[in-house]
Amino acid sequence: MTGMDAILQGGLQGYLVVALLLFSIGLAAVLLRRTLLMQFMGVELMLNAANVALLAFARFRGGDAQAMVFYLFIIAVAACEAAVGLALVIGLYRHRDTTDSDRAASLKQ
Amino acid sequence: MFITFALITLLGALGMLLQKNIIVAGLFMVVAFFGVAGLFVLLGNPVAAALQIIVYTGAIMVLVLFVIMMLNSHEEEKAQAPRSIQRWVSLVVVAALAVGSVKLVLASAGLKALGISGAAMPQAMTLQKVGMALFADHLLGFEVAGLLLLAAMIGAVALTKRNL
């Protein structure tokens with residue numbers, strides 16, 4: 001299976017290309033958007049890209065169950081990050097009345 | 001099939017990146033997560049697909065949409081400073097990263113060989129295998145993950161409470 005075929009029909013390289021593009025879109029959302037909630041969604045997208053790459057490697061190395069364990073841990077950490085991150089966004093909104101990361105440029109009130 | 005789910009995933013993510021309205025962007029994220037779940041099914045891993053839908057679209061995105069509606073921040077606020085240099089630099093860096101890494105993956109002979117040898121041994125993931133690996137080899141990690149979730153829960157309550 002050559003490179004282009006792998007992309008079109010779902011070889012290992014096709015999954016890795018999808019994961020890399022997903023990661024890049026997430027990184028672009030973090031760097032280019034100013035709203036904290038959008039940046040947060042970008043971070044979630046990057047975590048998902050890592051999951052896609054992890055499970056693709058697991059499948060092409062013979063269906064190892066260890067990868068699923070690490071996938072579960074990544075999901076647990078993502079859920080923690082969601083809870084604490086959203087709490088911080090709400091805290092910022094209470095103090096500054098904004099969800100724009102550019103407007104939260106100083107530590108003092 | 002693969003290209004369908006890959007396109008659903010990437011177009012959902014791209015829609016999230018380009019959308020002005022934040023609630024619509026959140027719904028695009030749901031589309032992208034469903035696409036990723038489809039990719040997991042194609043990888044012979046229905047357990048991960050189910051978890052993806054339950055945890056990401058069912059819990060995390062609902063939480064995000066809930067916070068968006070609670071804070072009433074549907075539109076991006078007007079920029080204080082244009083910061084056009086930083087935006088262009090980050091755009092160039094992201095584009096270079098994407099193109100460079102995709103080229104590296106497509107050129108790699110080792111990945112090509114692994115793709116050929118791995119395609120010959122398709123083995124679906126079952127819940128039994130996951131449970132055996134999780135509770136036989138990684139019991140400590142499982143407990144620590146539970147503790148981490150508890151700490152995050154308490155932390156979230158403490159951070160959002162007005163006067164603790």
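Q: Which residues of α3(B) are buried?
A: The model is predicted, and local features need pLDDT of at least 70, side-chain atom pairs count only at pLDDT 80 or more, and totals for chains, interfaces and linings use all residues. Residues are numbered from 1 along each chain as its sequence is written, while chains are lettered from A and ligands numbered from 1 in the order in which they are written. A residue is buried if 20 or more other C-beta atoms (placed from the backbone) lie within 10 Å of its own, exposed if 12 or fewer, and partly exposed in between; helices (H or I, at least four residues) and strands (E, at least two) are DSSP runs numbered from the N terminus. In α3(B), the buried residues are V47(B), A48(B), A49(B), L51(B), Q52(B), Y56(B), I60(B), M61(B), V64(B), V67(B), I68(B) and L71(B).

Q: At which residue does α3(B) bend?
A: From its first C-alpha to its last, the 26 residues of α3(B) reach 36 Å, close to the expected 38 Å (1.5 Å times one less than the number of residues). A bend is the angle between axes fitted to the seven residues ending at a residue and the seven starting there. In α3(B) the bend is about 30 degrees, at M61(B).

Q: Which residues have the most contacts inside the largest nonpolar core?
A: A nonpolar core is a set of buried Ala, Val, Leu, Ile, Met, Phe, Trp, Tyr and Cys residues joined through C-beta atoms within 7 Å. The largest has 73 residues, and those with the most contacts inside it are L37(A), M41(A), V52(A) and M68(A).

Q: What is M41(A) in contact with, leaving aside its neighbours within four places in sequence?
A: Contact requires C-beta atoms, placed from the backbone, within 7 Å. M41(A) meets this with A29(A) of its own chain, and in chain B with M16(B), A25(B), G26(B), M29(B) and V64(B).

Q: How many residues does α4(A) give to the side of chain A that touches chain B?
A: The contact takes 68 residues from chain A and 74 residues from chain B. The elements giving two or more residues to the chain A side are α1 (3–9), α2, α3 and α4 of chain A. Of these, α4(A) gives the most, with 21 residues.

Q: Why does G14(A) count as buried?
A: G14(A) lies in helix α2 of chain A. G14(A) counts as buried because the number of its C-beta neighbours inside 10 Å is 26.

Definitions and conventions: Two residues are in contact if their C-beta atoms, placed from the backbone, lie within 7 Å.
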